[in-house]
Amino acid sequence: MVALGGTAVGTGANTHPQYKQIAIAELAKISGFPLKPATNNFEALQSHRPAQTVSSGLKELALELIRIANDLRFLASGPTTGLNEIVLPPVQPGSSIMPGKVNPVMAECLDMVAYQVVGNDLAVSCAVQAGQLELNVMTPTIMYNMLFSIQILANYIPVFTNKCVKE
């Protein structure tokens with residue numbers, strides 16, 4: 001759904017009566033996506049609820065990934081004073097003061113990626129509520145943080161899977 005009406009607030013006042021349909025059809029042709037006009041331009045321009053829903057879903061995924069990473073770190077703790085129930089693959093030299101220890105760097109990196117996603121969701125949440133009426137000037141912040149979250153998760157999850165979970 002595209003919130004396009006030909007004016008800043010979406011009324012289409014002082015525009016050609018077919019502007020919305022023509023412009024959206026042209027955007028659909030250029031993008032290759034099946035774009036349709038928003039049913040209610042006022043609601044679509046005022047609310048970034050759909051973006052917040054996506055961002056919240058990414059945050060929920062990140063929280064679950066943190067739990068998984070921390071479970072792996074805990075189960076791999078040791079070798080003498082921890083659980084030592086699983087062995088994580090070594091991806092860097094071990095500890096200089098604890099012989100035999102393998103640092104859980106892949107899981108720690110997953111934590112850092114996921115913490116960033118949680119922080120990005122907070123930025124999106126604040127930006128979503130910051131718009132006034134039909135003018136939400138925070139859209140760039142919302143989109144940047146959502147796309148950044150998607151990118152870092154998409155980049156790191158396969159690396160974590162291949163270098164930590166599958167090995």
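Helices here are DSSP runs of H or I with at least four residues, and strands are runs of E with at least two, numbered from the N terminus. This is a predicted model, in which local features need pLDDT of at least 70 and side-chain atom pairs count only at pLDDT 80 or more, while totals for chains, interfaces and linings use all residues. Residues are numbered from 1 along each chain as its sequence is written, and side-chain values use heavy atoms, with hydrogens and water left out.

H3 covers residues 49–75, 27 residues in total, and spans 39 Å from its first C-alpha to its last. That is close to the expected 39 Å, where the expected span is 1.5 Å times one less than the number of residues. Its buried residues are Ala-51, Gln-52, Ser-55, Leu-58, Ala-62, Leu-65, Ile-66, Ala-69 and Leu-72; buried means under 20% relative accessible area, exposed over 50%, and partly exposed in between, with a 1.4 Å probe and protein chains only. These buried residues pack against helix H4 (105–129) and helix H5 (139–165), with contact taken as heavy atoms within 4.5 Å.

The interior comes next. A nonpolar core is a set of buried Ala, Val, Leu, Ile, Met, Phe, Trp, Tyr and Cys residues joined through side-chain atoms within 4.5 Å. The largest such core has 19 residues, and Leu-110, Val-117, Leu-153, Tyr-156 and Phe-160 touch the most other members. H3, H4 and H5 are the elements that give two or more residues to this core. Apart from it lies another core of six residues, including Val-124, Ala-127, Val-128 and Ile-142. Not counting residues up to four places away in sequence, Leu-110 touches Leu-65, Ala-69, Tyr-156 and Phe-160. In soluble globular proteins, nonpolar side chains tend to be buried together.

Leaving out residues up to four places away in sequence, Ser-149 touches Leu-58, Val-117 and Asn-120.

Charged side chains also pair up. A salt bridge is a side-chain nitrogen of Lys or Arg within 4 Å of a carboxyl oxygen of Asp or Glu, and by this rule there are seven salt bridges. Arg-67 and Asp-71 form one of them, at 2.5 Å from N to O. Because they are four residues apart in helix H3, about one helical turn separates Arg-67 and Asp-71. Both are partly exposed, Arg-67 at 41% relative accessibility and Asp-71 at 35%. Glu-108 and Arg-73 meet in another salt bridge, at 3.9 Å from N to O. Glu-108 lies in H4 and Arg-73 in H3, so this pair ties together parts that are 35 residues apart in sequence. Glu-108 is partly exposed at 28%, as is Arg-73 at 31%. Salt bridges with shared partners join Glu-64, Arg-67 and Asp-71 into one network. A further salt bridge links the side chains of Arg-49 and Glu-43, at 3.4 Å from N to O.

The surface also carries a nonpolar patch, formed by Val-54, Met-143, Leu-147 and Ile-150, with about 330 Å² of accessible area together. Patches consist of residues with over 30% relative accessible area and no salt bridge, with like charges joined within 9 Å and nonpolar side chains (Val, Leu, Ile, Met, Phe, Trp, Tyr) within 5 Å. Accessible areas come from the Shrake-Rupley method with a 1.4 Å probe, and for residues only the protein chains shown count as cover. H5 gives the most to this patch, with three residues.
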